[in-house]
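This report guides a reader through selected features of the structure shown below.

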Amino acid sequence: MKTTLYNKIGQLPQVAELLRQGQVVAIPTETVYGLAANALDGQAVLKIFAAKNRPADNPLIVHISKWDELIPLVATIPDTAKALADAFWPGPLTMVLPRSSAVPDEVTAGGDTVAVRLPAHPMARAIIEACGLPLAAPSANRSGSPSPTTAAHVLTDMDGIIPAVFDGGECDVGVESTVISLTGERPRLLRPGGITVEQLEEVLGPIDIDPSITANIHLEQVSSPGMKYKHYAPQAKVTLLHGSREAFARFVNQQVDGVALCFAEDADLINKPTLCMGREDNPKEIAHNLFALLRKADEEGITRIFAHCPKREGLGLAVYNRLIRAAAFDERELEQQ
Ligand code: TXA
Ligand code: MG
(Lines give C-alpha, C1' and ligand atoms only; values in the text may rest on other atoms or scores of the structure.)
(Ligands and ions follow the chains in the order given, each with its own letter.)
Protein backbone atom coordinates (compact mmCIF):
# COMPACT_ATOMS: atom_id res chain seq x y z
CA MET A 1 0.00 0.00 0.00
CA LYS A 2 1.26 3.49 -0.83
CA THR A 3 1.08 5.95 2.08
CA THR A 4 0.17 9.52 1.05
CA LEU A 5 1.43 12.42 3.16
CA TYR A 6 -1.05 15.32 3.41
CA ASN A 7 -0.26 18.65 5.06
CA LYS A 8 -2.60 21.31 3.67
CA ILE A 9 -5.94 22.47 4.96
CA GLY A 10 -7.17 22.24 1.37
CA GLN A 11 -6.56 18.48 1.52
CA LEU A 12 -8.92 17.96 4.47
CA PRO A 13 -11.79 16.75 2.22
CA GLN A 14 -9.60 13.92 0.86
CA VAL A 15 -8.61 12.86 4.38
CA ALA A 16 -12.23 13.04 5.55
CA GLU A 17 -13.34 10.93 2.57
CA LEU A 18 -10.82 8.19 3.42
CA LEU A 19 -12.13 8.13 6.99
CA ARG A 20 -15.75 8.01 5.83
CA GLN A 21 -14.83 5.05 3.60
CA GLY A 22 -13.63 3.13 6.66
CA GLN A 23 -9.89 3.68 6.10
CA VAL A 24 -7.22 4.37 8.72
CA VAL A 25 -5.44 7.77 8.69
CA ALA A 26 -2.72 9.02 11.06
CA ILE A 27 -3.63 12.44 12.44
CA PRO A 28 -1.83 14.99 14.60
CA THR A 29 -3.02 15.77 18.12
CA GLU A 30 -1.43 18.03 20.75
CA THR A 31 -0.16 14.95 22.66
CA VAL A 32 1.09 12.41 20.08
CA TYR A 33 -0.02 11.34 16.58
CA GLY A 34 -3.10 9.11 16.52
CA LEU A 35 -4.09 6.29 14.17
CA ALA A 36 -7.68 7.24 13.43
CA ALA A 37 -10.72 5.43 12.04
CA ASN A 38 -14.50 5.82 12.23
CA ALA A 39 -15.32 4.94 15.85
CA LEU A 40 -18.84 3.83 14.90
CA ASP A 41 -17.60 1.24 12.36
CA GLY A 42 -16.24 -1.95 13.97
CA GLN A 43 -14.63 -3.12 10.71
CA ALA A 44 -12.76 0.18 10.30
CA VAL A 45 -11.60 -0.02 13.91
CA LEU A 46 -10.23 -3.54 13.39
CA LYS A 47 -7.89 -2.10 10.73
CA ILE A 48 -6.29 0.05 13.45
CA PHE A 49 -5.53 -3.03 15.53
CA ALA A 50 -4.04 -4.77 12.49
CA ALA A 51 -1.86 -1.78 11.50
CA LYS A 52 -0.49 -1.41 15.04
CA ASN A 53 -0.33 -5.11 15.83
CA ARG A 54 -2.23 -4.17 18.98
CA PRO A 55 -3.69 -6.78 21.35
CA ALA A 56 -7.48 -6.92 20.86
CA ASP A 57 -8.16 -6.58 24.61
CA ASN A 58 -6.76 -3.02 24.73
CA PRO A 59 -9.60 -0.51 24.15
CA LEU A 60 -9.29 2.72 22.13
CA ILE A 61 -9.94 6.39 22.88
CA VAL A 62 -12.76 8.03 20.89
CA HIS A 63 -11.97 11.60 19.75
CA ILE A 64 -14.68 14.22 19.31
CA SER A 65 -14.60 17.86 18.18
CA LYS A 66 -17.26 19.32 20.49
CA TRP A 67 -19.02 18.51 23.75
CA ASP A 68 -22.36 17.59 22.12
CA GLU A 69 -20.71 14.70 20.30
CA LEU A 70 -20.12 13.03 23.67
CA ILE A 71 -23.82 12.55 24.36
CA PRO A 72 -24.59 9.68 21.91
CA LEU A 73 -21.44 7.78 22.96
CA VAL A 74 -22.19 7.44 26.67
CA ALA A 75 -24.95 6.06 28.90
CA THR A 76 -24.70 8.82 31.52
CA ILE A 77 -22.73 12.01 32.06
CA PRO A 78 -21.68 12.48 35.69
CA ASP A 79 -21.23 16.02 37.06
CA THR A 80 -17.52 15.30 37.37
CA ALA A 81 -17.30 14.88 33.58
CA LYS A 82 -18.93 18.23 32.98
CA ALA A 83 -16.62 19.92 35.46
CA LEU A 84 -13.51 18.34 33.93
CA ALA A 85 -14.61 19.24 30.39
CA ASP A 86 -15.19 22.85 31.44
CA ALA A 87 -11.70 22.98 32.89
CA PHE A 88 -9.61 20.91 30.45
CA TRP A 89 -11.39 20.35 27.10
CA PRO A 90 -10.23 20.85 24.44
CA GLY A 91 -7.04 19.30 25.79
CA PRO A 92 -4.98 16.28 26.79
CA LEU A 93 -7.57 14.65 29.09
CA THR A 94 -9.43 11.40 28.38
CA MET A 95 -12.49 10.46 30.43
CA VAL A 96 -13.65 6.87 30.85
CA LEU A 97 -17.47 6.77 31.08
CA PRO A 98 -20.27 4.19 30.85
CA ARG A 99 -20.70 3.45 27.14
CA SER A 100 -23.84 3.61 25.01
CA SER A 101 -24.81 0.92 22.48
CA ALA A 102 -23.64 3.22 19.64
CA VAL A 103 -20.03 2.35 20.42
CA PRO A 104 -18.94 -0.95 18.88
CA ASP A 105 -17.25 -3.66 20.96
CA GLU A 106 -14.11 -3.34 18.83
CA VAL A 107 -13.55 0.13 20.39
CA THR A 108 -14.22 -0.84 24.00
CA ALA A 109 -12.64 -4.31 23.79
CA GLY A 110 -16.03 -5.63 24.83
CA GLY A 111 -16.07 -3.63 28.07
CA ASP A 112 -18.97 -1.54 29.35
CA THR A 113 -17.04 1.75 29.35
CA VAL A 114 -15.75 4.08 26.64
CA ALA A 115 -12.80 6.49 26.78
CA VAL A 116 -13.47 9.90 25.18
CA ARG A 117 -11.27 12.89 24.48
CA LEU A 118 -11.72 16.30 22.84
CA PRO A 119 -8.25 17.20 21.53
CA ALA A 120 -6.84 20.73 21.46
CA HIS A 121 -4.94 20.39 18.17
CA PRO A 122 -6.86 22.47 15.60
CA MET A 123 -6.13 20.02 12.76
CA ALA A 124 -7.38 17.07 14.83
CA ARG A 125 -10.66 18.87 15.43
CA ALA A 126 -10.87 20.05 11.80
CA ILE A 127 -10.47 16.45 10.58
CA ILE A 128 -13.18 15.18 12.97
CA GLU A 129 -15.48 17.99 11.83
CA ALA A 130 -14.75 17.42 8.14
CA CYS A 131 -15.73 13.76 8.28
CA GLY A 132 -18.58 14.30 10.75
CA LEU A 133 -17.64 11.19 12.73
CA PRO A 134 -16.15 10.43 16.14
CA LEU A 135 -12.68 8.94 15.54
CA ALA A 136 -11.18 6.06 17.48
CA ALA A 137 -7.44 6.65 17.70
CA PRO A 138 -4.64 5.05 19.66
CA SER A 139 -1.11 6.42 19.37
CA ALA A 140 0.17 5.88 15.80
CA ASN A 141 3.15 3.67 16.70
CA ARG A 142 3.54 -0.05 16.20
CA SER A 143 2.45 -1.63 19.48
CA GLY A 144 5.26 -1.43 22.06
CA SER A 145 7.28 1.36 20.36
CA PRO A 146 7.59 4.94 21.60
CA SER A 147 4.61 7.07 20.56
CA PRO A 148 5.18 9.27 17.47
CA THR A 149 5.39 13.03 17.95
CA THR A 150 6.11 13.91 14.29
CA ALA A 151 4.74 12.72 10.94
CA ALA A 152 8.21 11.32 10.20
CA HIS A 153 7.96 9.09 13.30
CA VAL A 154 4.59 7.84 12.05
CA LEU A 155 6.10 6.97 8.66
CA THR A 156 8.94 5.06 10.35
CA ASP A 157 6.31 2.70 11.80
CA MET A 158 3.44 2.90 9.31
CA ASP A 159 4.81 3.63 5.82
CA GLY A 160 3.20 1.18 3.40
CA ILE A 161 0.78 -0.03 6.10
CA ILE A 162 -1.83 2.78 6.14
CA PRO A 163 -3.16 4.88 3.23
CA ALA A 164 -2.49 8.36 4.65
CA VAL A 165 -0.78 10.55 7.25
CA PHE A 166 -1.78 14.16 7.89
CA ASP A 167 1.30 16.14 8.90
CA GLY A 168 0.28 18.80 11.44
CA GLY A 169 3.80 19.49 12.69
CA GLU A 170 5.50 18.46 15.91
CA CYS A 171 3.19 17.57 18.82
CA ASP A 172 3.27 20.12 21.59
CA VAL A 173 2.77 18.04 24.77
CA GLY A 174 4.80 15.01 23.67
CA VAL A 175 3.30 12.46 26.11
CA GLU A 176 -0.21 11.03 25.78
CA SER A 177 -3.37 12.31 27.40
CA THR A 178 -4.22 11.74 31.04
CA VAL A 179 -6.81 8.95 31.40
CA ILE A 180 -9.28 9.26 34.27
CA SER A 181 -12.12 6.85 35.03
CA LEU A 182 -15.39 8.40 36.17
CA THR A 183 -17.30 5.12 36.38
CA GLY A 184 -16.63 4.28 40.03
CA GLU A 185 -17.51 5.97 43.30
CA ARG A 186 -14.42 8.15 43.18
CA PRO A 187 -12.55 9.45 40.12
CA ARG A 188 -9.56 7.24 39.43
CA LEU A 189 -6.43 8.14 37.50
CA LEU A 190 -5.57 5.31 35.08
CA ARG A 191 -2.73 6.99 33.17
CA PRO A 192 -0.85 10.20 34.00
CA GLY A 193 -0.45 12.51 30.99
CA GLY A 194 -0.77 16.05 29.71
CA ILE A 195 -3.13 17.18 32.50
CA THR A 196 -1.50 16.72 35.91
CA VAL A 197 -2.91 15.12 39.08
CA GLU A 198 -2.54 18.51 40.75
CA GLN A 199 -4.72 20.13 38.05
CA LEU A 200 -7.35 17.37 38.31
CA GLU A 201 -7.51 17.64 42.10
CA GLU A 202 -8.07 21.39 41.87
CA VAL A 203 -11.36 20.58 40.13
CA LEU A 204 -12.35 17.26 41.75
CA GLY A 205 -10.70 17.23 45.15
CA PRO A 206 -8.67 14.11 46.04
CA ILE A 207 -8.69 11.38 43.37
CA ASP A 208 -7.62 7.73 43.49
CA ILE A 209 -4.42 6.83 41.72
CA ASP A 210 -4.39 3.41 40.10
CA PRO A 211 -1.42 1.46 41.51
CA SER A 212 -0.38 0.31 38.02
CA ILE A 213 0.81 3.86 37.27
CA THR A 214 3.92 3.67 39.37
CA ALA A 215 4.39 -0.03 40.00
CA ASN A 216 4.92 -3.24 38.13
CA ILE A 217 1.81 -4.79 39.60
CA HIS A 218 0.30 -8.11 38.75
CA LEU A 219 -0.99 -7.92 35.19
CA GLU A 220 -4.55 -9.15 35.68
CA GLN A 221 -5.27 -6.35 38.15
CA VAL A 222 -4.63 -3.52 35.72
CA SER A 223 -7.76 -1.43 35.13
CA SER A 224 -6.37 0.36 32.06
CA PRO A 225 -5.29 -2.50 29.81
CA GLY A 226 -2.70 -0.41 28.00
CA MET A 227 -0.66 -0.13 31.19
CA LYS A 228 0.05 -3.85 31.33
CA TYR A 229 2.09 -4.14 28.16
CA LYS A 230 5.78 -3.42 27.87
CA HIS A 231 5.54 -0.07 26.25
CA TYR A 232 7.25 2.98 24.86
CA ALA A 233 10.40 0.89 24.56
CA PRO A 234 13.34 1.67 22.30
CA GLN A 235 15.58 -1.15 21.06
CA ALA A 236 18.14 -0.27 23.74
CA LYS A 237 18.04 -1.73 27.22
CA VAL A 238 17.03 1.14 29.53
CA THR A 239 17.79 1.54 33.24
CA LEU A 240 16.05 4.32 35.16
CA LEU A 241 18.14 5.92 37.90
CA HIS A 242 17.00 7.98 40.89
CA GLY A 243 19.47 10.30 42.57
CA SER A 244 21.30 13.60 42.56
CA ARG A 245 23.12 15.03 39.56
CA GLU A 246 26.44 13.96 41.07
CA ALA A 247 25.32 10.42 41.90
CA PHE A 248 23.85 9.99 38.42
CA ALA A 249 26.98 11.30 36.70
CA ARG A 250 29.26 9.15 38.86
CA PHE A 251 27.23 6.04 38.04
CA VAL A 252 27.09 6.72 34.29
CA ASN A 253 30.78 7.61 34.08
CA GLN A 254 31.69 4.26 35.67
CA GLN A 255 29.89 2.24 33.00
CA VAL A 256 31.87 0.76 30.12
CA ASP A 257 29.36 1.86 27.51
CA GLY A 258 25.91 3.37 27.14
CA VAL A 259 24.33 6.77 26.68
CA ALA A 260 22.93 9.10 29.36
CA LEU A 261 19.32 10.22 28.87
CA CYS A 262 19.69 13.22 31.11
CA PHE A 263 18.85 16.80 32.07
CA ALA A 264 20.65 19.82 30.61
CA GLU A 265 22.14 20.46 34.07
CA ASP A 266 23.67 16.93 34.16
CA ALA A 267 25.45 17.15 30.83
CA ASP A 268 28.65 18.91 32.00
CA LEU A 269 29.32 16.22 34.61
CA ILE A 270 29.01 13.32 32.19
CA ASN A 271 31.81 11.96 30.05
CA LYS A 272 29.64 9.62 27.98
CA PRO A 273 27.42 10.53 25.00
CA THR A 274 24.22 12.23 26.16
CA LEU A 275 20.63 12.60 24.96
CA CYS A 276 19.36 15.72 26.68
CA MET A 277 15.68 15.76 27.71
CA GLY A 278 15.73 19.43 28.71
CA ARG A 279 16.16 21.36 31.93
CA GLU A 280 15.23 19.46 35.08
CA ASP A 281 13.13 22.39 36.25
CA ASN A 282 11.17 22.40 32.96
CA PRO A 283 9.06 19.19 32.90
CA LYS A 284 7.12 20.50 29.88
CA GLU A 285 10.30 20.49 27.84
CA ILE A 286 11.22 17.01 29.13
CA ALA A 287 7.78 15.58 28.24
CA HIS A 288 7.95 17.25 24.83
CA ASN A 289 11.31 15.66 23.98
CA LEU A 290 11.01 12.23 25.61
CA PHE A 291 9.63 10.01 22.83
CA ALA A 292 11.59 11.77 20.09
CA LEU A 293 14.81 10.99 22.01
CA LEU A 294 13.89 7.33 22.49
CA ARG A 295 13.32 7.12 18.72
CA LYS A 296 16.60 8.95 18.04
CA ALA A 297 18.38 6.36 20.16
CA ASP A 298 16.97 3.67 17.88
CA GLU A 299 18.06 5.53 14.75
CA GLU A 300 21.58 5.81 16.15
CA GLY A 301 21.71 2.11 17.00
CA ILE A 302 22.17 2.77 20.72
CA THR A 303 21.88 -0.44 22.75
CA ARG A 304 22.20 0.82 26.36
CA ILE A 305 20.55 3.85 27.98
CA PHE A 306 20.89 5.19 31.53
CA ALA A 307 17.98 7.55 32.20
CA HIS A 308 17.88 10.16 34.98
CA CYS A 309 14.45 10.16 36.56
CA PRO A 310 12.64 13.50 36.92
CA LYS A 311 10.67 14.47 40.03
CA ARG A 312 7.49 12.41 40.12
CA GLU A 313 5.10 15.35 40.35
CA GLY A 314 3.27 17.46 37.78
CA LEU A 315 4.14 16.38 34.24
CA GLY A 316 7.12 14.53 35.73
CA LEU A 317 4.73 11.76 36.85
CA ALA A 318 3.75 11.10 33.22
CA VAL A 319 7.41 11.07 32.17
CA TYR A 320 8.25 8.65 35.02
CA ASN A 321 5.32 6.40 34.05
CA ARG A 322 6.62 6.17 30.44
CA LEU A 323 10.25 5.73 31.50
CA ILE A 324 9.64 2.80 33.87
CA ARG A 325 7.86 1.03 31.02
CA ALA A 326 10.63 1.87 28.54
CA ALA A 327 12.97 0.39 31.17
CA ALA A 328 10.75 -2.70 31.64
CA PHE A 329 10.70 -1.66 35.33
CA ASP A 330 14.49 -1.74 35.78
CA GLU A 331 14.87 1.22 38.18
CA ARG A 332 17.52 1.82 40.82
CA GLU A 333 18.09 4.25 43.69
CA LEU A 334 21.62 5.66 43.65
CA GLU A 335 23.52 6.24 46.87
CA GLN A 336 23.48 9.93 47.86
CA GLN A 337 26.87 10.22 49.50
O1 TXA B 1 -3.00 11.34 23.89
C2 TXA B 1 -3.57 10.30 23.68
O3 TXA B 1 -4.37 9.78 24.50
C4 TXA B 1 -3.33 9.60 22.32
C5 TXA B 1 -3.86 10.53 21.23
C6 TXA B 1 -3.79 9.90 19.86
O7 TXA B 1 -5.16 10.92 21.55
N8 TXA B 1 -3.94 8.32 22.29
C9 TXA B 1 -3.47 7.29 23.02
O10 TXA B 1 -4.15 6.11 22.81
O11 TXA B 1 -2.53 7.36 23.75
P12 TXA B 1 -3.59 4.70 23.28
O13 TXA B 1 -4.52 3.72 22.70
O14 TXA B 1 -2.16 4.59 22.90
O15 TXA B 1 -3.77 4.71 24.82
C16 TXA B 1 -5.08 4.69 25.36
C17 TXA B 1 -5.03 4.23 26.79
C18 TXA B 1 -4.64 2.78 26.92
O19 TXA B 1 -3.85 2.64 28.09
C20 TXA B 1 -5.98 2.07 27.06
O21 TXA B 1 -5.89 0.86 27.76
C22 TXA B 1 -6.77 3.11 27.85
O23 TXA B 1 -6.36 4.36 27.33
N24 TXA B 1 -8.22 2.96 27.63
C25 TXA B 1 -8.91 3.15 26.49
N26 TXA B 1 -10.22 2.89 26.67
C27 TXA B 1 -10.36 2.54 27.96
C28 TXA B 1 -11.46 2.16 28.77
N29 TXA B 1 -12.70 2.08 28.28
N30 TXA B 1 -11.22 1.88 30.08
C31 TXA B 1 -9.97 1.96 30.59
N32 TXA B 1 -8.88 2.31 29.88
C33 TXA B 1 -9.07 2.60 28.59
MG1 MG C 1 -0.21 4.03 22.88
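## Leucine 261 and the nonpolar cores

In this predicted model, leucine 261 touches Phe248, Leu275, Met277, Leu290, Leu293, Leu294, Ile305, Phe306, Ala307, His308 and Leu323, with residues up to four places away in sequence left out of the list. Leu261 belongs to the largest nonpolar core, which holds 79 residues, and within that core Leu261 and Met95 touch the most other members. Helix H10, residues 315–326, gives the most to this core, contributing eight residues.

## Helices H3 and H7

Helix H3 spans residues 79–88 and helix H7 spans residues 197–204; their axes come within 10 Å and cross at roughly 125°.

Which residues of H3 and H7 meet? On the side of H3 they are Thr80, Ala83, Leu84, Ala87 and Phe88, and on the side of H7 they are Gln199, Leu200, Val203 and Leu204. By class, the residues of this contact comprise seven nonpolar and two polar, with no charged residue.

## Helices H1 and H5

Helix H1 (residues 12–20) packs against helix H5 (residues 122–131) at an angle of about 60°, and their axes lie 8 Å apart. This angle makes H1 oblique to H5. The crossing of H1 with H5 is right-handed.

From H1, the residues Leu12, Val15, Ala16, Leu19 and Arg20 meet Met123, Ala126, Ile127, Ala130 and Cys131 of H5. Nine residues of this contact are nonpolar, none is polar and one is charged.

## Backbone details

Most residues other than glycine have a negative phi, and most peptide bonds are trans. The model holds departures from both patterns, described in turn below.

The peptide bond that leads from tryptophan 89 to proline 90 is cis, and its omega is near -5°. Proline 90 lies in the loop that runs between H3 and strand E5, residues 93–98.

Asparagine 53 is not a glycine, yet its phi is positive, at about 60°. The residue is found in the loop between helix H2 (42–52) and strand E4 (61–63). Asparagine 53 counts as exposed because its relative accessibility is 54%.

Phenylalanine 329 likewise has a positive phi, near 70°, in a residue other than glycine. Its place is in the loop between H10 and strand E16, residues 331–333. With a relative accessibility of 26%, phenylalanine 329 counts as partly exposed.

Methods:
Residues numbered from 1 in each chain as written. Chains lettered and ligands numbered in written order. Predicted model: local features only at pLDDT ≥ 70, side-chain atom pairs only at ≥ 80, totals over all residues. Heavy atoms only, no water. Core = buried A, V, L, I, M, F, W, Y, C linked by side-chain atoms within 4.5 Å. Buried < 20%, exposed > 50% of the residue type's maximum accessible area, 1.4 Å probe, protein only. Helix = DSSP H or I, 4+ residues; strand = E, 2+ residues; numbered from the N terminus. Contact = heavy atoms within 4.5 Å. Axes fitted to C-alpha atoms, helices over the stretch in contact; angles between N-to-C directions. Nonpolar A, V, L, I, M, F, W, Y, C, P; charged D, E, K, R; others polar. Parallel < 35°, antiparallel > 145°, perpendicular 65-115°, else oblique. Left-handed = near helix turned anticlockwise from the far one by under 90°.
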